[in-house]
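Subject: Structure handover

Hello,

Here is the structure I said I would pass on. My notes on what turned up in it follow below.

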Amino acid sequence: MSKVFRRFGWALLLIAFAVTSSIQAPLAFSAETTYQVVVHVPGVVGVVPADAQVVLTDSSNSSNQSSSRLIGQDSYGWFGVVDLPTGATRVKVSATRVTVSNVSVDPVATREIWLSSKGVPALYESVASLKLKVSLVTRGSALNNRSLKVTIGKSVKTYKFNSSGTRRYVFVPITSTSTAVKLTVLKNGKAGRSYSVNPRSAAKIWVGDFFSGVRTSESWANDKVTIHYHRANGDYSGWGVHAWTGSSGGTSLSVSWASPILPASVTPDAWGVTYEIPLIANSQSLPIIIHNGNVKDPSTADQLLSLAATKGEVWFEAGSVNSDSSLRYTIPVSKDPVPVVVPPTPVTTPTSAQASALASSSYRSSMASENIYFVMTDRYQNGNTANDRMGLTGSREVTAFDPTSTAYYHGGDFAGLTDGCTSGDGINRLKEMGFTSVWITPPFKQRYVQSGSAAYHGYWITDFTDIDPHLGTKADFTTFVDCVHSQGMKVVMDIVVNHTGDVNYYTNGNYNFGSVRTPQVAAGDTNLRKPSFLNDLTNYHNRGNVGDWNNKEQSQNGDFFGLDDVATEKPAVIEGFAQAYAAWVNDYGIDGFRIDTAKHVDDAFFGIWWPRVQELTASTKPGLFAFGEVFDSGTATLTEFVRDRGLPASLDFAFQNAAVQFASGNNITDITNVFGADDWYITGKTNAYNQATFLANHDMGRFGKLLQWAGSPTGDLWGDSLLGS
Ligand SMILES: [Ca+2]
Ligand SMILES: [Ca+2]
Ligand SMILES: [Ca+2]
C-alpha cells in the first residue's frame, strides 16, 4: 500500500474574536429567581480554547454581565450554561467564534438558545441550522434500498440517503418551523413507516426498523442513555452509575451495587466523565443512582431520566437533582474564573510581513513524505526453506506450515525479503518500484496455531522480544534492517499493544462480555509470554469478548476475538510496552511503528506511552515515528485520537472510505468533507501531513474489489480488469 502526500504547504491558524448579537426581550422572572440559559455555539470542533465563553450583558447596563466557559459538547457543537445578570430585563448574548447579528429573540420561552453559524440567535436548533437531519437506524444489509419521501405543505420530495460508513442520513432543508414535516421511509420504492415531525422539537431525528416513532438523539436511537457527570474536585475514582429496570423501562445490564457502570473513559473531558448505559427495547425512562460505594449523589433522591424529555443524554453537576425527569443540563462550576471580555476593537489587517512572522512551516514527521510498501513477510518470498517448520517435524498443527492452505504459514522470511539487497526480488525490487519505506507485519514469536488457523500474519504475539523462527533469526533480521537502511529506505514495524495471542481462557466457558472474571492458562503457558509482566494475569481486563463494537467500554476492555486484552491503563503495562518496543529501535534501528488495533486501547495510553518511547529512543532515533490503526472512517474519531489521545497520526480510514465512494461514482461529498477536516488534526506536534493514506488493506481486500462492492459499473476498467478480485 502506498502512502501519498497530504495537502498544505503551510498553515496559519486564525482565531475569530468574540462578537455580540443582541437579544432585546423582557425577561419574565422575578429578580430573586436564579435563572439560567443554555447557549449553543456551532461549528467549534475538538478542544475549545480555555478562554472560549458565552457572555450575557444587561442591555440597560453594559457592566452588568455574566458568563460561562463553553463547558460541554453535544452534536450541535459546544455550549455554556449561563446565569442571567442580576435584575436584567433585556440581554445581549455574545459568544466566541460567531459573527455579529442583530436578530432579537426571547430567551425566556425556551431557556435554550442556538447561535447559527452567522451568530443569529434562535430558539430552535432547526432554525439555527436551517435543516432537519433524518438518520436511519437499521441493521444488516438492507441499508441501500431505502429512500425518504418528505412532505412539507404542498412540497413533496424524495431523497436518497447519504452514506458514511454504516450510517445513512438525509438533510431536509427547513424554511419554517411552524409547518409539520411528514416523512415516509420507502423501501425499494414502497412506502413503509410514516412520521409527522414538528421541526421545533428537534433538528436531528432518528427513525428505524426496530422502534416506532422518532427518537431525538443518537444515544436514544441506539437504545442507550449517555450521562455526562461533573465533580468540582475533578476526582472521579470510585464513582459509577447504578441502574435498573422500573415500570417504564431501564437498563439491559444486570448491575450490582458493588460493581456500578464505570465511565467510558477515565480521562475527563471539558465537562467530566461520561457513562454509557444500554437500555432494554422501548424504554421510556431510566432509573439511576450515581454513587461511590455507599455514598450517593445526590444523597436524597434516586434519579429518573425520561427519554423523550432528556433525549437520552444529560449533563449533570454533582449534587443536582433531576426532579421532574426532564433535566438535560445543570449549572456547572465554571460560570467561571474566565474574565469577562469587552468587545474587541477592530483589528487592522496585518501586512504580509507581519503574517509571515507569525506563521511558520507546519510540522512534518520523518515519515510524512514516505511511500510505504506494506508486506506480510510470510507471503513475500521464501529465502530459506530450512526455517519453514521452525526446525520441528510433525503435522501443520505443530509446525504451523502448510503452503496449500491460506490459513497457515507459506515459508516467506527475512532472507527472502532481503534477497540480494542490491539485486534480486527483495528490497531491490521494492526500491525499483519507487518505495522509500517498508512496513512489515509483526515479526515476533507467536501463538502459532489456534482453532485451525495459524499466525502467519503476526498478530498473535507471545514473545515481544524475539523473532518468529518461521521468519528467521535475529541475525537475519539485522541483515534485513541494515539492507533497508543501506538503500536509503526506512523500516516500519507493525506492533501490538492491545492484546497478546490467545493464552488466557475461562473455565466456565462464558466468553460473553461482562464483569471481571478469573482467567486460566495451560500448565505449560504460565511463563510463556515475554516480557514477564504479560504473565501477570491481573494485567489483563479479563471481561470476555467484545460483543458490541460500538460500545466503547466493550471495544476498549473486551478480548479481540479471544485475544487477551491487556490492561493498557496500568503503569506497569505502559512502561513494559515502552521498554519492549524501544529496545527494537535501540538494538536494530527501527524507524517507525504502525500500531495495530489502536482504537481498542484506553483513552490515556498513547499520551503516556508514546512520549516515554520517544524518551527511551531519543539518542538513537530522534525522528522515530508512529501511526495507529483506528479502524473508523469518521474524521471526528480519527482526529480525536490525534488531537486528544496522543496518537502521532493514524492510518487514514476516512480518506480510504471517501476515495472508494468517489472512485465508484457514488458521491463526492465524503472526500470533500475529509479534506475539509484536515485542520482538525492540527496540534503543536502534528497535523494532517502525517496521516498515512491508503486505498485498501489486508483486512479489507483489494481496491478494485472495494469498488465493485461499492456498485462501480461491472465494465469499469479499475473494478474488473486491473485490480479486480
Ligand atoms: Ca522460509
Ligand atoms: Ca483493549
Ligand atoms: Ca483468551
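**Calcium sites**

The calcium ion (ligand 2) is held at 2.2 to 2.7 Å by Asn498 (OD1), Gln556 (O), Asp565 (OD), Asp565 (OD) and His600 (O). Donors here are N, O and S atoms within 2.8 Å of the metal, or 3.2 Å for Na, K and Ca; water is not among the atoms, so sites may look incomplete. Along the chain, the donors of this calcium ion (ligand 2) are spaced as N-x57-Q-x8-D-x34-H. Asparagine 498 and histidine 600 link distant parts of the chain, 102 residues apart. Asparagine 498 sits in the loop between strand E33 (490-496) and helix H9 (552-557), and histidine 600 in the loop between strand E34 (592-596) and helix H11 (605-617). Helices (H or I, at least four residues) and strands (E, at least two) are DSSP runs, numbered from the N terminus. Asparagine 498 is buried, at 1% relative accessible area, and histidine 600 is buried at 8%. Buried means under 20% relative accessible area, exposed over 50%, and partly exposed in between (1.4 Å probe, protein chains only).

Before going on: this is a predicted model, in which local features need pLDDT of at least 70 and side-chain atom pairs count only at pLDDT 80 or more, while totals for chains, interfaces and linings use all residues. Residues are numbered from 1 along each chain as its sequence is written, chains are lettered from A and ligands numbered from 1 in the order in which they are written, and side-chain values use heavy atoms, with hydrogens and water left out.

The calcium ion (ligand 3) is coordinated at 2.2 to 2.5 Å by Asp502 (OD), Asn504 (O), Gly562 (O) and Asp564 (OD). The spacing of its donors is D-x1-N-x57-G-x1-D. Aspartate 502 is in the loop between E33 and H9, and glycine 562 is in the loop between H9 and helix H10 (571-588), so the pair ties together parts 60 residues apart in sequence. Aspartate 502 is partly exposed at 27% relative accessible area, whereas glycine 562 counts as buried at 12%.

**Disulfide**

The count is one disulfide, taking a disulfide as a pair of cysteine sulfur atoms within 2.5 Å. Cysteine 421 is joined to cysteine 483, with 2.2 Å from S to S. The link is right-handed, with 105 degrees about the S-S bond. Cysteine 421 lies in the loop between helix H6 (414-418) and helix H7 (427-432), and cysteine 483 lies in helix H8 (residues 474-486), 62 residues apart. Cysteine 421 is buried at 13% relative accessible area, and cysteine 483 is buried at 5%.

Asp670, Ile671 and Val674 are buried in helix H14 (residues 669-676). Seen down the axis of H14, the buried residues fall within an arc of 95 degrees, so they line one face of the helix. The arc is that of the directions from the helix axis to the C-beta atoms. These buried residues pack against strand E13 (162-164), helix H12 (635-643) and helix H13 (653-663); contact means heavy atoms within 4.5 Å.

Glutamate 125 lies in helix H1 (residues 125-129) and counts as buried at 11% relative accessibility. Leaving aside neighbours within four places in sequence, glutamate 125 is in contact with Tyr76, Trp114, Ala203 and Lys204.

Regards
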